[in-house]
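Dear colleague,

Please find below the structure that I am handing over to you, together with its sequence. My findings follow directly after it.

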Amino acid sequence: MIKNNNTSGLNAQFIRVVWCDNANIIRGKAVHVDSVENQKVSVGISRGQQGVPVMYDGVVAESGLDPVGEITLRGDMSTLTPLPYAPGHFRVMGDMFQDGKVWGNCPRGFLKKMIKTLEEKGLKVKASFENEFYLLKQEMTLNDRNSKNNNRPSYQPGDFTPFASTQSMDLNYPVIMNIVESLIAQNITVEQYYPESGPGQQEVTVGYSDALQAADNQVIFRETVKATAPQHGLIASFLPKIFPDKAGSGCHLHLSLWKDDKNILQNQDTEYGIGETAQAFIAGILHHLPALMAITTPIPRSYRRIRPHMWSGAFQSWGFNNREAAVRVIQEENGKIKHFELKTVDASSNPYLAMGAVIAAGLHGIKEKMRLEEPVQNDPAALSPEERDEKGIIPLPGNLGDAIDALGKDKTISDAMGPELSRSYLAVKKTEYEDLQAMHSQKEVELLLEKY
């Protein structure tokens with residue numbers, strides 16, 4: 001039995017078993033430590049849980065799931081971590097099992113499967129999610145105060161300072177320091193912090209990890225930021241587009257490819273200075289990007305952020321240090337290439353599904369020995385349609401419906417996900433798209449702002 005008097009010196013009361021569903025809502029069930037036996041933690045969840053959309057707690061019929069039957073959520077005890085923002089509570093990441101086997105609808109199980117497939121080729125991915133988020137204040141409008149039936153608060157930026165403002169650093173010093181200290185306490189390496197372009201918008205970057213740990217870290221990051229902000233009278237939101245005339249929030253995915261403990265992205269003897277395997281991996285991601293976007297940018301508001309001239313990667317292209325390209329290969333001043341960035345990602349995506357699907361796309365590129373086209377070294381939107389056609393630069397899906405259609409037709413990604421997960425995910429996203437696109441913009445923001 002896990003004792004209260006544990007090695008961390010904290011008084012453990014509950015262990016949260018956490019999972020992330022197809023709507024990318026982070027959920028958990030807590031087990032009291034006195035109920036834990038043999039150092040193992042597990043809880044039961046409904047098998048219909050992976051068919052629940054973001055709008056309501058009901059199962060989408062087309063998902064192939066229903067509320068009948070239980071799935072075992074097993075805590076990965078190697079991830080046991082005390083929560084600095086919730087004394088007495090610990091967290092473990094959960095894996096979904098049915099009849100003693102990894103359930104086909106388990107997002108974390110899908111990522112593990114893709115990592116294993118990658119390892120069979122002697123390869124490894126290291127990665128990190130780079131989050132932008134808003135710190136907001138709740139304010140009651142005059143109409144809200146006068147109405148007995150409407151007590152919804154309005155959300156205003158926590159400050160109105162510009163990009164990289166030291167004033168913003170000072171104004172938000174208490175909450176940012178609390179977030180950073182909590183992340184470090186959970187063994188996450190914090191690398192940089194700066195105020196972003198939007199008023200009240202922040203960015204905290206964390207260090208690289210292996211692919212599974214990077215996805216776990218993304219869950220930890222979101223949980224920590226959202227739990228810490230209210231302790232300072234603020235609300236944190238990762239929603240990709242809150243204000244129509246302000247910067248959106250991305251969650252760029254940074255990746256590097258390794259073999260025999262060596263980063264193989266760079267090879268000066270090959271075209272573009274990128275190793276052949278790495279080129280094929282990146283080319284595979286670009287090839288499948290329209291379908292990947294249904295997973296990496298999976299809600300209608302994601303596409304309010306992805307626009308030309310917005311540094312969000314609106315075209316199916318790559319380039320060196322080009323922030324308008326969907327894939328930015330980062331080349332240092334000395335010419336070294338250590339990693340690349342996928343820009344068409346935001347924090348409304350399930351990190352296990354996003355990472356797993358990106359690996360599947362990259363593996364397909366390697367299998368088919370895909371080659372990169374010529375890098376784009378200017379803003380694709382500044383080119384004429386004829387120039388883009390000549391260079392093979394294609395606009396990426398402008399709405400979730402088009403991305404869902406692309407994913408439905410993409411056999412590589414669907415086969416990698418497996419029939420159960422592919423079916424339930426597509427069903428949930430189609431339902432979300434139909435409901436959310438018909439919703440008034442402000443109502444959509446009110447529904448989603450605190451969920452992401």
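In what follows, two strands are said to pair if DSSP finds at least two bridges between them. Please note also that this is a predicted model.

With that term in place, I begin with strand 10 and its partners. Tyr-194 stands opposite Glu-203 in strand 10. Strand 9 and strand 10 run antiparallel and are joined by five bridges. Val-190 is placed opposite Val-206 of strand 10. The hairpin formed by strand 9 and strand 10 has five residues between the strands, and in it Gly-200 adopts a positive phi near 80 degrees. Strand 10 also pairs with strand 7, again in the antiparallel sense, over four bridges. Here Tyr-134 is found opposite Gln-201 in strand 10.

How many of the six residues of strand 10 are buried? Six of the six are, so strand 10 is largely enclosed by the rest of the structure. In a regular strand, side chains alternate between the two faces of the sheet. In strand 10, Gln-201, Glu-203 and Thr-205 point one way, while Gln-202, Val-204 and Val-206 point the other way, and all are buried.

The next subject is the largest pocket, which holds about 730 Å³ of space. It is lined by 31 residues, of which Glu-132, Tyr-194, Glu-196, Glu-203 and His-252 are the closest to its centre. Two or more lining residues come from each of strand 7 (123–139), strand 9 (190–195), strand 10 (201–206), strand 13 (251–259) and strand 17 (337–342). By type, the lining divides into eight nonpolar, twelve polar and eleven charged residues.

Finally, I would draw your attention to Gln-316, which is found in strand 15 (residues 315–320). Is Gln-316 buried or exposed? Its relative accessible area is 18%, and because buried means under 20%, Gln-316 counts as buried. The side chain of Gln-316 reaches the backbone oxygen of Leu-286 at 2.6 Å. Leu-286 is also one of the residues in contact with Gln-316 once neighbours within four places in sequence are left aside; the others are His-287, Pro-290, Gly-392, Ile-393, Ile-394 and Leu-396.

With kind regards

Technical notes. Residues are numbered from 1 along each chain as its sequence is written. This is a predicted model: local features need pLDDT of at least 70, side-chain atom pairs count only at pLDDT 80 or more; totals for chains, interfaces and linings use all residues. Side-chain values use heavy atoms; hydrogens and water are left out. On a 1 Å grid over the protein atoms alone, a cavity is a set of points where a 1.4 Å probe fits but cannot get out, and a pocket is an open set with protein on both sides within 12 Å along at least five of seven lines; lining residues have an atom within 4 Å of a point. Grid points are joined across faces, edges and corners, and a volume is the space filled by probe spheres set on the points. Ala, Val, Leu, Ile, Met, Phe, Trp, Tyr, Cys and Pro count as nonpolar, Asp, Glu, Lys and Arg as charged, and the others, Gly among them, as polar. Buried means under 20% relative accessible area, exposed over 50%, partly exposed in between (1.4 Å probe, protein chains only). A polar contact is a pair of N or O atoms within 3.5 Å; within protein, one must be able to donate a hydrogen and the other to accept it, and residues adjacent in sequence count only if both atoms are side-chain atoms. Contact means heavy atoms within 4.5 Å.
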